[in-house]
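Subject: Structure handover and notes

Dear colleague,

Please find the structure below, with the sequence alongside. My notes follow it, and I would be glad if you read them with the model open.

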Amino acid sequence: DVKVTQSSRYLVKRTGEKVFLECVQDMDHENMFWYRQDPGLGLRLIYFSYDVKMKEKGDIPEGYSVSREKKERFSLILESASTNQTSMYLCASSFGTGAKNIQYFGAGTRLSVL
Amino acid sequence: QKEVEQNSGPLSVPEGAIASLNCTYSDRGSQSFFWYRQYSGKSPELIMFIYSNGDKEDGRFTAQLNKASQYVSLLIRDSQPSDSATYLCAVTGTASKLTFGTGTRLQVML
């Protein structure tokens with residue numbers, strides 16, 4: 001079974017803090033993704049990576065950065081957390097493109113920024 | 001215009017009935033289509049995926065593609081209360097990204 005593990009289920013941070021969300025997958029997948037999910041807005045792609053040290057902006061990258069130093073690990077960084085970044089964050093990984101691009105999700109991290 | 005559109009629902013069906021969920025997409029180059037189920041407070045899990053060349057049946061679930069009209073449907077036969085969840089449609093072409101709809105909430109009534 002594919003396993004995508006997110007380091008925290010719940011996080012509470014203060015405005016202005018630097019926040020790290022970690023994601024690890026154990027299936028040697030090439031692609032990794034970070035989404036946020038908000039009521040009524042669905043899943044929105046923040047950043048994705050198709051290889052180590054490679055990253056591409058998704059639909060809403062502002063206020064976020066990412067790091068992929070190893071194939072199995074993809075980190076999302078909030079440089080200076082703000083209240084509008086309170087959300088559910090979901091990490092996903094997939095093997096390839098097109099028909100092979102079945103994405104497997106982690107359990108999610110619910111982040112509250114106070 | 002949203003690239004993948006779904007009716008947010010809720011879609012209410014009685015237990016044992018057929019639930020029909022639909023999704024329209026705007027990119028004619030889309031080649032693969034995915035249905036995910038998401039229970040409240042949980043992450044999405046894949047139910048089915050189909051390619052542009054045909055429909056697929058898996059147990060109580062059937063995914064159908066209408067390329068001419070650019071929509072994908074998911075039929076759930078003999079709906080059970082445990083099917084109550086939000087169903088997300090996603091499409092992709094040749095890239096590694098998926099484009100998700102906002103989901104349809106299904107309620108199966110006892």
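How much area do chain A and chain B bury between them, and what share of it is on carbon and sulfur atoms? The two chains bury about 1,600 Å² between them, with 59% of it on carbon and sulfur atoms, where buried area is the accessible area (1.4 Å probe) that two parts lose on being put together, summed over both.

Before going further, please note that this is a predicted model, in which local features need pLDDT of at least 70 and side-chain atom pairs count only at pLDDT 80 or more, while totals for chains, interfaces and linings use all residues. Residues are numbered from 1 along each chain as its sequence is written, chains are lettered from A and ligands numbered from 1 in the order in which they are written, and side-chain values use heavy atoms, with hydrogens and water left out.

The interface

On the side of chain A that touches chain B, the elements giving two or more residues are strand 4 (31-38) and strand 5 (42-49) of chain A, strands being DSSP runs of E of at least two residues, numbered from the N terminus. That side divides into 11 nonpolar, 10 polar and 1 charged residues; here Ala, Val, Leu, Ile, Met, Phe, Trp, Tyr, Cys and Pro count as nonpolar, Asp, Glu, Lys and Arg as charged, and the others, Gly among them, as polar. In total, 22 residues of chain A are in contact with 20 residues of chain B, contact meaning heavy atoms within 4.5 Å.

Between the chains there are 3 residue pairs in polar contact, both residues at pLDDT 80 or more; a polar contact is a pair of N or O atoms within 3.5 Å, where within protein one must be able to donate a hydrogen and the other to accept it, and residues adjacent in sequence count only if both atoms are side-chain atoms.

One residue to look at here is Asn101(A), in the loop between strand 9 (87-94) and strand 10 (104-105) of chain A. Asn101(A) is buried, at a relative accessible area of 0% (buried means under 20%, exposed over 50%, partly exposed in between, with a 1.4 Å probe and protein chains only). Beyond four places in sequence, Asn101(A) touches residues of both chains, including Phe33(A), Phe34(B) and Leu98(B), and its side chain makes a polar contact with the side chain of Ser94(A) at 2.5 Å.

The cores

The largest nonpolar core has 23 residues, and those with the most contacts inside it are Trp35(B), Leu74(B), Ile76(B) and Tyr87(B); such a core is a set of buried Ala, Val, Leu, Ile, Met, Phe, Trp, Tyr and Cys residues joined through side-chain atoms within 4.5 Å. Among the strands of chain B that each supply at least two residues of this core are strand 3 (19-25), strand 8 (71-76) and strand 9 (85-92). Another core lies apart from it, with 20 residues, among them Val4(A), Met32(A), Val66(A) and Leu78(A).

Salt bridges

Side chains of opposite charge can pair when their charged atoms come close. Over all chains the count comes to 9 salt bridges.

In chain A, Glu79(A) and Lys18(A) meet in one of them (3.5 Å, N to O). These two residues are 61 residues apart in sequence, yet 4.8 Å apart in space, C-alpha to C-alpha. Glu79(A) counts as partly exposed at 43% relative accessibility, and Lys18(A) counts as partly exposed at 44%.

In chain B, Asp83(B) forms a salt bridge with Arg60(B), with the closest N and O atoms 2.9 Å apart. Asp83(B) lies in the loop between strand 8 and strand 9 and Arg60(B) in the loop between strand 6 (56-58) and strand 7, so the pair ties together parts of chain B that are 23 residues apart in sequence. Asp83(B) counts as buried at 1% relative accessibility, whereas Arg60(B) counts as partly exposed at 27%.

Also in chain B, the side chains of Glu45(B) and Arg37(B) meet in a salt bridge (3.2 Å, N to O); Glu45(B) is partly exposed at 32%, while Arg37(B) counts as buried at 16%.

With best wishes

Terms used: Helix = DSSP H or I, 4+ residues; strand = E, 2+ residues; numbered from the N terminus. Salt bridge = Lys/Arg side-chain N within 4 Å of Asp/Glu carboxyl O.
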